[in-house]
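Let's read this one together, a feature at a time. Take a look at the sequence and structure first.

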Amino acid sequence: MSARTRELFALVPAALLLSAGFAAIFLSRGDLLGGLNGTNQVSDVSLTYGGIFLGVCVAAHLVLRIALPDADPYLFPLVALLASFGLVEIYRIDADLARQQAQWFVIGVGAMVTTIVILRDHGKLERYRYTIALGGIALLVLPRLFPPTNGAYLAIKVGSISIQPAEFAKIAIVVFLASYLRDTRQVLVLGATRVLGVTIPPLKHFGPLLLVWGTAMLLLFFIRDIGSSVMFFGGFLAMVYIATNRLSFVVIGLLLFCGGAYLVAGHIGHISDRIDAWQTPFDPKLFDPGKPGGSYQLAQGLFAQADGGLFGKGFGGAVLELPSGNCGADAQLCTLLPAPHTDFIYAVIVNELGLIGASGLLCVYLLVVQRGFKVAMLARDSFSKLLAAGLTTVFALQVFVIVGGVTKVIPLTGVTLPFVSYGGSSVLANFVLLALLLLVSNRARREA
Amino acid sequence: MNQPIARVFIVTMLMFGVLVGATSWWTVVDAQSLNHEHATQNNRTLLRGLKIRRGAIRAADGSVIARSVKNSEGNYSRRYPQGDLFGHPIGYSYASLGQQSGVEAFYDQDLAGSVSDTESLLGELTGRQQGGDNLQTTLVPNAQRQAEQLIAAASPVNGGAAVALDPKTGAVKVMASVPGYDPNAIRQKNVFSRLSTDARNKPLVNRALQFGYAPGSTMKVVTLTAALDSGKFSINTPVDGKNNVKISGVPLRNDFDESFGAIDLTTALAKSVNTVFAQVAEKVGKKTMREYMERFGFDKKPQLDYPRGAMSAPGVYGSRGQLLRPTSDKVDIGRLGIGQDQLQVPALQMAQVAAAVANKGVLMKPHIGERLVDRDGRTTRRIDPEVQSKVMSEKTAAEVTQAMVAVVQRGTGTQAQIPGVQVAGKTGTAETATGTGTKNKLWFIAFAPASDPRVAVAVTVNDVVGFGGDVVAPIAKQLIQTLLNEKKNP
């Protein structure tokens, strides 16, 4: 069976999951049997949704069949699975948001197809690496011109649409680093001196590395967000390690980052608030729904997960809002779990599907990551290897940062759960990321 | 470059392992603590409770004691159509307050069901049932009403308690405690806090199960049982009943300072002679007394279907409020044998004493719930009669019954006589505060008909002038009459 045919068949379970998920929600709301209209006819709406979803996916598959016949057959179906999961969960939280997210899904698939068709060969990206790097940094700094949300400068608001440029910047920076490290990887190792058994790269190449470290610190300082800084710098370190195979670079980088983060974090109130909230989320002083830097959100997320238990409460079973009468006129106080469709969608998933469902979701992510690294290993040239590995690492780190934040492994920061959280920028950017991975894998597998 | 890529992948896998581990921690390992130990911060359980239609609670005659009603927002709240009648045994359950008590609390899981209506397909797939069952109880409304009215009339201020059991099954027919409260009023937060902090009347305390009073001479039934069943006395053994016999070095008085000669135990019980039973208790000894008291249920919390925290163990309490065993050095066994010496016994225990004698010496486990019925009317669980303990031989039970019949026929309990029905009973009068007045805690325990008992009762009223035989025996009599006339389940 050809790779593309395998891809086509693998899309079917994702569509079935979507249908089953919607059916479960309709069932829990009691309107499967015509519901409010009282028509008493079995509703086929969930199957319709599943059909449309499958249609969009098959259309994208046909483009892949022509443009990238040898690309990895599992990446796209796995992403479709994640997206269907996200759509169902967002629909359960808010039907209007789910409609918008469905539109973003279609636009995202469109962006993936466009990227593939226009680029055809990811090698072209190397030519524009400095432009891309500058563009990436500009995208990161841009939100400084707009008012912050929750203390962090992550979004720019144009009318009613909120864009998160960091989602796109991460791809730009990985592309730049892959290209830069391809050129310098030999020099970094060969020109290095060994001091007390530790490899120190030559000073003139140390500069750009320091520049990346500086950028990460700047991010922390300017954007005031630990999560994206960890993502960028972690991706960078992984790429440096893969390029040089020297653990010492990683250790030096980590020390530099931790030292810098310690200094910066102490000076930015909103970050130290986050760290306090992370350490003692149940402290009554920090647990205040009205307080921006408080621990209310994190603590409620943990309560929601505990409520889910091993098997979860089922779709529709999570309690997200207080009944009116138990909260004041302030709508924010009526929210039991803030940001359920974005930052805390993982907590909602655990609440409704339990440890079992959440572990399944993490497994799907791990499979995507596995395919990504597989692509990197199959690729022949250094740029492709570094690009695929870098994109995969950033993707994995994004999952780790938000899930780790919600599960109190690390301080909470607001990044999206790729393909699952609500958010146009996130869906769009991650589909472009997927497009790049598919491009790399097509060439790698064709040559292999 | 493939080797470092593989290593990065391994690190990624480890990181995802950490995420699964952390999720497991919150969902499984630490979930109990998160769900239950953060009551002020975590109101999920409470909010889910609002969406649950709890099953109804019904009395023996089928009338509804508690039911859930839905408001315009789709939240359920509890209503108690019979007002304050069953406030004490049934209690209340308000998810909005996070408060539950009584039978509502004990049968919470059955009434609420483990999974609510709003829960979905996945919940069903994991095999959990939806919705709550209805609870059928053994409580008889008109007898309950009569008991509360009669006690309130006899002791309007300090109240009292009454318990009626079916001696053959342990079914609780009446559990009255005065003063009572209306569980509908608990819904308002301020009413709840007012009632729960009312230290003088303590209206939320179920006096049938807590706040024991000294049982006075009703305890002589226990002493008589121990004496006969252990073989240390026979029913005809004469014991000197003169006044002011020294018990533990202190002279003990009989009522009205009456002196009796050597009398047999039947007569001694009928006339409630203190000095006889104090001497009997001393001769029987602490060890045997303790054994029989424990068989009757003393020294342990009742095995009733009721929250354990809301019941106290009947027994002897020391000066610091600690439960003393009857074998303790601090216990004056002679005075314990006549129901004094810091005995604190709630009404249920004395009803069980009567019931054990009535049921040929076999004590049944008391229960308020009879069966759980699902919404389609199918019985999902039946609370079957169970033996709590074998207290005495059939022979002893017959002899004690005869002595208790004598109490009602020719002794201190003649006011409990019912034409055409042979009643066995025992009076009790415990002095509240010696010297300051003549207010007493009055008791009467009884069962009837003596030949084939269907009802066993204990009635107590608090701080009233008079004797158990005059004030409380008529209440017990009327309760017995009502319950004997009660038709079996309509």
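**Where the chains meet**

Q: How many residues of chain B are in contact with chain A?

A: Two residues are in contact if their C-beta atoms, placed from the backbone, lie within 7 Å. Here 40 residues of chain B touch 52 residues of chain A. Before we go on: this is a predicted model, where local features need pLDDT of at least 70, side-chain atom pairs count only at pLDDT 80 or more, and totals for chains, interfaces and linings use all residues. Residues are numbered from 1 along each chain as its sequence is written, while chains are lettered from A and ligands numbered from 1 in the order in which they are written.

Q: Which element gives the largest share of chain B's side?

A: Helices (H or I, at least four residues) and strands (E, at least two) are DSSP runs, numbered from the N terminus. The largest share of chain B's side, 19 residues, comes from H1(B), which spans 2-29.

Q: How do I read two packed helices?

A: Two packed helices are described by the angle between their axes and the distance between the axes. Axes are lines fitted to C-alpha atoms, for helices over the stretch in contact, and angles run from 0 to 180 degrees between N-to-C directions. Take H3 (residues 75-93) and H4 (residues 95-119) of chain A: their axes come within 6 Å and cross at roughly 155°. That makes H3(A) roughly antiparallel to H4(A) (the term covers angles over 145 degrees). Residues meeting there include Leu87(A) and Ile90(A) from H3(A), with Ala98(A) and Phe105(A) from H4(A).

Q: And a sheet: what is the strand order in chain B?

A: Strands of a sheet pair through backbone hydrogen bonds, either parallel or antiparallel. Two strands pair if DSSP finds at least two bridges between them. In chain B, an open sheet of 5 strands runs S8-S7-S22-S21-S20, with antiparallel pairing. S8 and S20 of chain B are at the edges with a single partner strand each, so one side of each has no neighbour in the sheet.

Q: Is S20(B) largely enclosed or open?

A: A residue is buried if 20 or more other C-beta atoms lie within 10 Å of its own. In S20(B), 7 of the 8 residues are buried, so the strand is largely enclosed by the rest of the structure. H18 (residues 473-485) of chain B lies across S7, S8, S20, S21 and S22 of chain B.

Terms used:
Buried ≥ 20, exposed ≤ 12 C-beta atoms within 10 Å, placed from the backbone. Parallel < 35°, antiparallel > 145°, perpendicular 65-115°, else oblique.
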